[in-house]
Amino acid sequence: MDHAVSSIQRYVSVAAAGLVWACHIPSCAAGTPSVDEMLGYLHVDKTERGNLLKGKILSTDLTEGSKKELAIGLVMFVPAPMEKLVEFVRSGKWFTSDRDIIAVGELKEPVTVDSFQGNAASQSNLSTTEAQALRSGESFRQLLLRRYEAYRQRGVAGIEPYDRGGGKVARPGDELQGALQESTVLAKYFPELLRALQTYPREQPEDASHRYFWTNQKVEGRPTFILTHRMSIVRPEGAFMAERQFYVGHSYNSLFLLAGCLPVEGGTVVFYSNHTSTDQVAGFGSGMRHSIGRGQMRDEITKSFQQIRATVTRQ
């Protein structure tokens, strides 16, 4: 489990970098919570708030909705203008610096099997029909195309379960919906974004931005494809971004990220949450597995955030 969680989080940190730049909030207009209000809601005391502005990356407690889920929250201060974060991520430097990323691309219509590059063998996260189709000679890229199209048409309801054998299944669609319900900060401060995620692809705000990506990455030393939906709403009074990994080839089932930023004097405060669902922390010894896995996630993402901050402030 140790290596699996570490490998997973190397991709998560890349996604986190992508989330950070899109969350610029130029002003705290009515309806947008202040930094103090957000920190208070997350139960960060005044001493820790002072440490935050001195550079400490804080962790916050999050609800885990199932025995398969690992959830953590982090808060970070970046002593740099948002424009530097934008340039850092848009340049692609973060992706090229991760040796486990084999290839990555954005999915833009029309999406075909040729939109995906490369192959990934020995994928364990397959539905019953997908396993049969692969045995019949269908390419893995055709499978990815069907997964993408089903999600675009039906949202999380279109995500097929993974067949675990013996009548057992893992349901990434249910896991993603559960993680969304656990994100209480959305219900309190950003109900429109919550509703947009709940009803996707229906009833979307006119100014919602949707982007889709495929990634071929090494996890536990083996290539796997990951399909991602990234959604953001950016307005003069504020913005947040959410990301769903709605298909993962092996090692974990699904992942939901949420990030937002608020400006303060001298820089920006970044709020981040991560809900990862993996069968590896369920079963016997689940409590200990959760504790170890959660700690590893926190350590890996904290290191990644430190690297992001150091790189951006050096530029």
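Residues are numbered from 1 along each chain as its sequence is written. In this predicted model, local features need pLDDT of at least 70 and side-chain atom pairs count only at pLDDT 80 or more, whereas totals for chains, interfaces and linings use all residues; side-chain values use heavy atoms, without hydrogens and water.

Helices (H or I, at least four residues) and strands (E, at least two) are DSSP runs, numbered from the N terminus. Helix α8 (residues 172-182) packs with helix α10 (residues 191-199) at an angle of about 170 degrees, and their axes are 11 Å apart. Axes are lines fitted to C-alpha atoms, for helices over the stretch in contact, and angles run from 0 to 180 degrees between N-to-C directions. The angle therefore makes α8 roughly antiparallel to α10 (under 35 degrees counts as roughly parallel, over 145 as roughly antiparallel, 65 to 115 as roughly perpendicular and the rest as oblique). Gln-177, Leu-180 and Gln-181 of α8 make the contact with Leu-194, Leu-197 and Gln-198 of α10, where contact means heavy atoms within 4.5 Å.

The loop between α10 and β6 (208-219) holds Pro-201, and a cis peptide bond joins Tyr-200 and Pro-201, with omega about 5 degrees. Glu-203 is also found in the loop between α10 and β6. His-43 lies in the loop between α2 (35-41) and α3 (46-53). Both residues in the table have positive phi and are other than glycine. Buried means under 20% relative accessible area, exposed over 50%, and partly exposed in between (1.4 Å probe, protein chains only).

| Residue | Phi | Relative accessible area |
|---|---|---|
| His-43 | near 65 degrees | 74%, exposed |
| Glu-203 | near 50 degrees | 46%, partly exposed |
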